[in-house]
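Here's a quick briefing on one structure, meant to be read with the model open beside you.

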Amino acid sequence: MAELPESEPRMYRFGKVACGILTHVLCVVLTVLITVLAKPGTSLFSWHPFLMTLAFSLFMTEAVLLFSPHCSPIRKLSHKTKGRVHWILQCLCASCATLGLASIFYNKHLNGKPHFASWHGLVGLGTLCVVGVQSLAALPLLYHSLAKGWSLAKLKRYHAASGLVTYLLGSVSLLLGICSVWFTGAVGGYTWYLAALCPALSTLVIMSQVSNTYMAKKRLVS
């Protein structure tokens with residue numbers, strides 16, 4: 001069971017809980033907003049924004065928040081169980097992102113448009129590749145027999161660091177999508193800024209969670 005550090009001031013702890021809950025809400029709000037705007041199933045293109053947002057805004061964010069000592073929805077479960085649920089969510093993220101990429105690739109093919117001609121397309125493709133590698137690289141953390149000759153503690157640190165980079169890439173891909181012609185033409189005014197705020201604030205919370213977790217472990221070791 002993950003417990004809140006007793007040494008943390010109450011207000012600091014409350015702030016962490018509030019930020020975590022806000023992140024849960026933001027990733028759901030952005031996913032619902034994109035779903036309403038895209039209307040998945042109405043066209044081939046409509047699946048792209050829906051699946052990509054589902055992957056990088058919802059599944060990836062929730063996969064990381066599972067390990068939060070302040071706002072994990074399964075905080076009382078064992079670390080091993082959290083690891084398995086985390087891996088399942090990451091696989092769902094990779095699956096949705098792959099289908100989202102396939103839909104936009106085929107849509108561009110049908111319309112005779114060039115592939116990966118924008119930063120959004122290039123970053124999205126790179127993010128998907130990194131997500132796939134990250135998911136495969138996590139297998140030794142689930143099945144320790146695959147980690148022969150490696151320290152599990154070091155593998156966890158490497159996985160956390162590379163996972164943070166992966167999350168940053170996913171957030172950048174979302175922000176570039178929010179700046180796309182399709183999205184800017186679908187919304188306006190405050191809605192656009194609120195949508196852009198969702199991945200930006202979520203990224204700050206995730207960065208804080210990962211860095212604080214491993215800084216705390218480093219202090220305990222030292």
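## Quick briefing

Methionine 11 is exposed, at 64% relative accessible area (exposed means over 50%, buried under 20% and partly exposed in between, with a 1.4 Å probe and protein chains only). This is a predicted model, where local features need pLDDT of at least 70 and side-chain atom pairs count only at pLDDT 80 or more, while totals for chains, interfaces and linings use all residues. Residues are numbered from 1 along each chain as its sequence is written, and side-chain values use heavy atoms, with hydrogens and water left out.

**Cavities**

- Rolling a probe the size of a water molecule over the atoms shows where empty space is left.
- Searching the whole structure turns up two cavities of 30 Å³ or more. On a 1 Å grid over the protein atoms alone, a cavity is a set of points where a 1.4 Å probe fits but cannot get out, and lining residues have an atom within 4 Å of a point. Grid points are joined across faces, edges and corners, and a volume is the space filled by probe spheres set on the points.
- The largest cavity holds about 50 Å³ of space. Its lining includes Leu26, Cys27, Phe56, Tyr167, Leu174 and Pro199.
- Which elements give two or more residues to the lining of the largest cavity? They are helix H1 (10-38), helix H2 (47-65), helix H6 (152-178) and helix H8 (190-221). Helices here are DSSP runs (H or I, at least four residues), numbered from the N terminus.
- By class, that largest-cavity lining has eight nonpolar, four polar and no charged residues. Ala, Val, Leu, Ile, Met, Phe, Trp, Tyr, Cys and Pro count as nonpolar, Asp, Glu, Lys and Arg as charged, and the others, Gly among them, as polar.
- The second largest cavity comes in at about 30 Å³, with His86, Trp87, Gln90, Val131, Gln134, Ser135, Ala138 and His159 around it.
- Helix H3 (79-111) and helix H4 (119-137) each put at least two residues into the lining of the second largest cavity. That lining splits into three nonpolar, five polar and no charged residues.

**The second largest pocket**

- The second largest pocket has about 700 Å³ of space. A pocket is an open set of points with protein on both sides within 12 Å along at least five of seven lines.
- Its lining has 33 residues, and Phe45, His48, Ile104, His120 and Ser180 lie nearest the centre.
- H1, H2, H3, H4, H6 and helix H7 (181-186) each supply at least two of the lining residues of this pocket.
- The class count for the second largest pocket is 20 nonpolar, eleven polar and two charged.
- Isoleucine 104, one of the residues nearest the pocket centre, sits in helix H3. It counts as buried because its relative accessibility is 13%.

**Positive phi**

- Most residues other than glycine have a negative phi.
- Lysine 39 has a positive phi of about 50° although it is not a glycine. It belongs to the loop between H1 and H2 and is partly exposed, at 48% relative accessibility.
- Phenylalanine 116 also isn't a glycine, and its phi is positive too, near 50°. You'll find phenylalanine 116 in the loop between H3 and H4, partly exposed at 29% relative accessible area.

**C-alpha distances**

- Methionine 11 is in helix H1.
- Serine 43 is in the loop between H1 and H2 and partly exposed at 35%. The C-alpha atoms of serine 43 and asparagine 107 are separated by 9.3 Å, and the two are 64 residues apart along the chain.
- For isoleucine 104 and serine 145, 41 residues apart along the chain, the C-alpha separation is 39 Å.
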